[in-house]
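Please look at the model before reading on.

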Number of protein chains: 2
Amino acid sequence: MKKIALLLMGCGGVGRQLLHHIVSCRSLHAKKGVHLRVVGVCDSKSLVVTSDVLTGELDDAFLSELCRLKSNGSSLSSLSDFGECRVYANSESNNTILEIAALVGKSTGLAFVDCSASSETIGLITQVVDLGCCIVLANKKPLTSRTEDYEKLFSYPRYIRHESTVGAGLPVIASLNRMLSSGDTIHRITGSLSGTLGYVMSEIERGKRLSDVVKAAKSLGFTEPDPRDDLSGMDVGRKALILARLLGRHIDMDSIKIESLYPKEMGPDFMSVEEFLDNGILLLDNDVQERVKKASMNGNVLRYVCVIEGTRCEVGIQELPNNSALGRLRGSDNVLEIYSRCYSEQPLVIQGAGAGNDTTAAGVLADILDIQDLFS
Amino acid sequence: MKKIALLLMGCGGVGRQLLHHIVSCRSLHAKKGVHLRVVGVCDSKSLVVTSDVLTGELDDAFLSELCRLKSNGSSLSSLSDFGECRVYANSESNNTILEIAALVGKSTGLAFVDCSASSETIGLITQVVDLGCCIVLANKKPLTSRTEDYEKLFSYPRYIRHESTVGAGLPVIASLNRMLSSGDTIHRITGSLSGTLGYVMSEIERGKRLSDVVKAAKSLGFTEPDPRDDLSGMDVGRKALILARLLGRHIDMDSIKIESLYPKEMGPDFMSVEEFLDNGILLLDNDVQERVKKASMNGNVLRYVCVIEGTRCEVGIQELPNNSALGRLRGSDNVLEIYSRCYSEQPLVIQGAGAGNDTTAAGVLADILDIQDLFS
């Protein structure tokens, strides 16, 4: 039985769903000769580690209890008196993680799995690269940091996977990587890459108010913790940057033209999430409704799309025919069209649900299984 | 530099295109730290092998010359006086291949790449599995043989790839494998999986005659060597079987309901390919034209599709709305819709060119790169 050791950062919706998938796939994976050994889990405050990182693991009962606690809003630190584990506070956790990475990475291999939405994991991740660890990301931020960080992460390209950073579990990155490794030349990528904005745009098209739709999307888990991360277009911008960098473009966030759906004065520097949802966003309803109506009178719909072509990389609202592939999109579906040498007349199209913890975590799990040959 | 040793079976359109891709990707692959070492190439009559299979290779000049010869219709045997290689006749080639597989498979690893359309490679392929070789298939036949053969091929599931057996280079198998390894449950697959029949159906829809369209498709390289392999539905049936087996169904070709586009009395037992194309197929033109007209009067189009759901696995012509995803298909595009736990309301859709030597060979090359971690 091949054992894949992993350390999980982030126990929000995606992280917890990943642990749930790992536990429920035990017998499936055993049939394929693989066992996922969860060495440690951390949230923003604490790190929980099995007492023997080289051979031990946080067992399934423990992982289930951990998920239960976290979904109730408790901290990992309350797990200290449960089973054979060690709990470290924030101040010690980075050093402990580096020690584990050094020890496990070079012996059996260690997959460092980032399911957080934090920009604070970058420092750690760039360090564990050199310790022989594999990196699996659902977190987009490490890939959208400075060019130096990006290049550091890809020092060993076979050791990193990040399917769920674009289009949740949709096989977007895996497919692009296949095209690139076979020498296909990619000319143009266009797509609707935000499950949230796809959902929002198609719901307001049905006559609902922007403010109501955004609140509903948040409660369905379709948005980032702060929905402005979606509405700003920054999240789509990050995905566009990830795709552009995958194609070999040496650019950063500043190079991407991004249209925001709210004005600067409603940004996080000026109001809290609650204020924005309770007051700010209401002021945007009418304007959006006007734009939708106007598009509708032309037989069109509004979609928030990204375009990557040559040196061009931009994201924003476009008015599109309602019978086009993008115009036909409903709910939180994402769609990506790729034009290349092999797909020159008609694009390669990948379409489906591009949001949701289940799908996102499934993409992360598929990534972990995909690197299994690197483990002894 | 990691070296991936490979032995290629079949130098038809796909095999030659693969060699061309390998040569033209040299610098791209070098940047990724990989070198593809072509140890040997065989067609139906001969086997050409580098004189030192453990470290040598057929060099790029040799491979180009080989492709030139084969595309002129010459045999590999005429290469005997060119460079440092050995040429074996058909009678010796199987034993020689097994010797090479034993020697190279267990030292550096060997990818056994089948780009033929032959059912005669199965015996050899099932044998090299036990010799530690990887298997990469564009040839569908080894996967649609008896259940025992199929299970033998998947003895080591990480050692086999076969993207280009369904939908040419479209990321169909890779995507399904990702879904399966993450524990997603697949409920239903529907699709248009024949580039040839997709092309044929959309061309006759435009008023062309079946016979003309099939001849044009053959000359464009869209058909199997004998176009009846496509028109019989057997080729789509094989793809449906490959997908159904991937989902874990223990069935064989006999379990699949297949609609043929020509009657039994025009089959290979009764007339040659030439007879069929010169005389037989003309007799089918009117009937097909009638069916197309009838569908058109209902606002529909005819598509040749496969459906896999529960124990159901069938392929044949269906009358579909011309504004559905399948009805909108043009040219040789394939489309696959996958319904699963993660894609329950809207399917995961993968669409694009599903035929052509360039795309098919690109899929094979991506598969070869995908198994690189198994090579020392």
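The largest nonpolar core of this predicted model has 174 residues, and A:Leu243 and B:Leu243 have the most contacts inside it. A nonpolar core is a set of buried Ala, Val, Leu, Ile, Met, Phe, Trp, Tyr and Cys residues joined through side-chain atoms within 4.5 Å; buried means under 20% relative accessible area (1.4 Å probe, protein chains only).

**Core**
- Not counting residues up to four places away in sequence, B:Leu243 touches (heavy atoms within 4.5 Å) B:Val166, B:Val172, B:Ile173, B:Leu176, B:Ile189, B:Leu193, B:Ile308 and B:Leu336.

**Helix H5 of chain B**
- Six of the eight residues of H5 (residues 122–129) are buried: B:Ile122, B:Leu124, B:Ile125, B:Thr126, B:Val128 and B:Val129.
- Their cover includes strands S1 (2–9), S5 (111–114) and S6 (134–137) and helices H4 (90–107) and H6 (147–153) of chain B.
- Helices (H or I, at least four residues) and strands (E, at least two) are DSSP runs, numbered from the N terminus.

**Annotated domain**
- An unreviewed UniProt entry annotates residues 171–369 of chain A as "domain: Homoserine dehydrogenase catalytic"; such annotations may be inferred rather than shown by experiment.
- Residues 171–369 of chain A are 40% helix and 22% strand, with end C-alpha atoms 14 Å apart.

**Two copies**

**Conventions**
- Residues are numbered from 1 along each chain as its sequence is written, and chains are lettered from A and ligands numbered from 1 in the order in which they are written.
- Local features need pLDDT of at least 70, side-chain atom pairs count only at pLDDT 80 or more, and totals for chains, interfaces and linings use all residues, while side-chain values use heavy atoms, with hydrogens and water left out.

Terms used
Buried < 20%, exposed > 50% of the residue type's maximum accessible area, 1.4 Å probe, protein only.
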